[in-house]
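Keep the structure in view as you read.

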Amino acid sequence: MEVFSISSDVKRFRVQAPRVDALKVDVTTVEETRKKMKKMKAFHIPDLYKSNIIGGIKESRRLQDKLKKDFSPTILNYGTVKFLISRHFGFCYGVENAVEIAYRTIEENQDKRIFLLSEMIHNPDVNADLLSRGVQFIMDTAGNQLIAWETLTSNDVVIVPAFGTTVEIQNRLSEIGINAYQYDTTCPFVEKVWNRASAIGQKNYTIVVHGKPTHEETRATFSHSKENAPTIVVKNMAQTIELAKYITGEKSSEQFYEEFEGQFSEGFNVKKDLQRIGVVNQTTMLASDTQGIADYLKQVIIKKYGIEGSDVTAYFADTRDTLCYATNDNQAATYGLLKEKADLVIVAGGYNSSNTSHLVELCEPELPTYFISSADKILTDNLISHWDLHNKVEKITKDFIPDKEQVTIMLTCGASCPDAVVESILFKLHSFFPEAMAIEM
Ligand code: SF4
């Protein structure tokens, strides 16, 4: 019986092509990022977000697989219930950085009003705790104003969330006399996308941003990108196929402005600005989706100009994908998880969390998937309240745990979900199996 041990299947995974290849992630980028990761600092995270058991699992796997080549899950076998824990999940570099800065800001500015531009990360526990400490949100996640700019003064502290913010808001803060960079938790991996967009924009390519148009990060990336180049956001392959029709001239320019309303930069010229393009993405999109979109647009360009080989770069900038390391790792680990057999999977995270939603999308076709924000959503041993991604509603499912001799449950979460949440879910599920072996702390 394996308890807190790595699956014997680990060896099988090791000899197979790493799952990261399945994501078609650019290897150079991943290696570069990994080199940078080695230099990444350890952050100071409040204890309420930590978990001994989850932290222990992560550290054990990290020590056994420092190069992060093994994407198989960790198996916790308690007899009547077995958990398969994803190889990668939970707080990423950008989230830990943001959490550390936010809590330090509160500590250092007890005599000041502290604002966050909007949710710092997409996790309800973290945001609720910040609110309970007196932090106020200026906007909601959709960008609707909750506190009027006019009420802010130069004596206030404003924290920029991990998604970054727009140039317009940076300027607005500056007009009020607030330094937008003093308490800036913008993730360096988001800034890397801005830099990539800027670099190709300066070479006269138009930037195509694959992202959710209303997501804070995509709004920020769009805003920074349009400073240097015409920019357009596409949310999925369906929109990309329509965009391609303007590249080929199949659709008229007039239609474009209506069809892509709110998704293109001011002065966008359909005839001129779709001749040379490069694709960047919101860091948390599904890797395979972004790759599909970039490949599709590249083929459209190749066909349009009748070009091949190095000539392609004259019209299509080789941006590779701009997903962050955490998105790559979490998605690759989810593919690794799904190679195993289980009765159900629990994915924990904020319902507005993009990276978590994509993990749910990967799991749903494979087995019963329950997207929950906390252990409280597991109402009883046969009732669970979970988020329906497609209809954007919380729904209750009965008999989510099958009646079997041994139930196998997969467990993972997004990059903004604290280990403590995963631990509480693990304990709650385990409590439904009185015959199970105890969880060792
Ligand atoms: S998911 Fe990636 S981009 Fe987003 S905060 Fe984490 S490391 Fe940064």
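Two strands count as paired if DSSP finds at least two bridges between them. By that rule, strand 7 (residues 206–210) and strand 9 (residues 277–281) pair in the parallel sense over 5 bridges. Keep in mind that this is a predicted model.

**The whole chain**

The protein chain holds 16 helices and 16 strands. Its C-alpha trace spans about 70 × 60 × 40 Å along the principal axes. The chain has 441 residues, and a compact globule of that length would have a radius of gyration near 22 Å. The protein chain has 23 Å, which agrees. Buried residues make up 45% of the 441. Take the contacts between residues at least 6 apart in sequence: 73% of them join residues at least 24 apart.

Return to strands 7 and 9. They belong to an open sheet of 4 strands in the order 8-7-9-10, with parallel pairing. Strand 8 (231–234) and strand 10 (316–317) are the edge strands, and each pairs on one side only. Two helices pack on this sheet. Helix 8 (residues 188–201) touches strand 7, strand 9 and strand 10, and its direction makes about 175° with that of strand 9. Helix 9 (residues 216–225) touches strand 7 and strand 8, and its direction makes about 175° with that of strand 7.

Which residue of strand 9 is the bridge partner of His-210? The partner is Asn-281. On to strand 10: 2 bridges join strand 9 to strand 10, and the two run parallel. There, Gly-278 has Ala-317 as its bridge partner.

Another open sheet has 3 strands in the order 5-4-6, and the pairing is parallel. Strand 5 (136–137) and strand 6 (157–159) stand at the edges, each with a single partner strand, so one side of each has no neighbour in the sheet.

| Residue | Bridge partner | Strand of the partner |
|---|---|---|
| Leu-116 | Ile-159 | strand 6 |
| His-210 | Asn-281 | strand 9 |
| Gly-278 | Ala-317 | strand 10 |

**A covered helix**

Helix 14 (residues 325–337) has 13 residues. From its first C-alpha to its last it reaches 18 Å, close to the 18 Å expected at 1.5 Å a residue. Is helix 14 mostly covered or mostly exposed? It is mostly covered, with 12 of its 13 residues buried. Among them are Tyr-325, Asn-330 and Leu-337.

**Around the ligand**

Which residues come nearest to the ligand? Of the 15 around it, they are Cys-92, Gly-94, Cys-187, Thr-283 and Cys-324. Helix 5 (93–108), helix 8 and helix 14 each supply at least two residues of the shell. Helix 5 gives the largest share, 3 residues.

Definitions and conventions: Residues numbered from 1 in each chain as written. Predicted model: local features only at pLDDT ≥ 70, side-chain atom pairs only at ≥ 80, totals over all residues. Rg over C-alpha atoms; globule rule 2.2 N^0.38 Å. Buried ≥ 20, exposed ≤ 12 C-beta atoms within 10 Å, placed from the backbone. Contact = placed C-beta atoms within 7 Å. Expected span 1.5 Å × (residues − 1). Axes fitted to C-alpha atoms, helices over the stretch in contact; angles between N-to-C directions. Near = placed C-beta within 6 Å.
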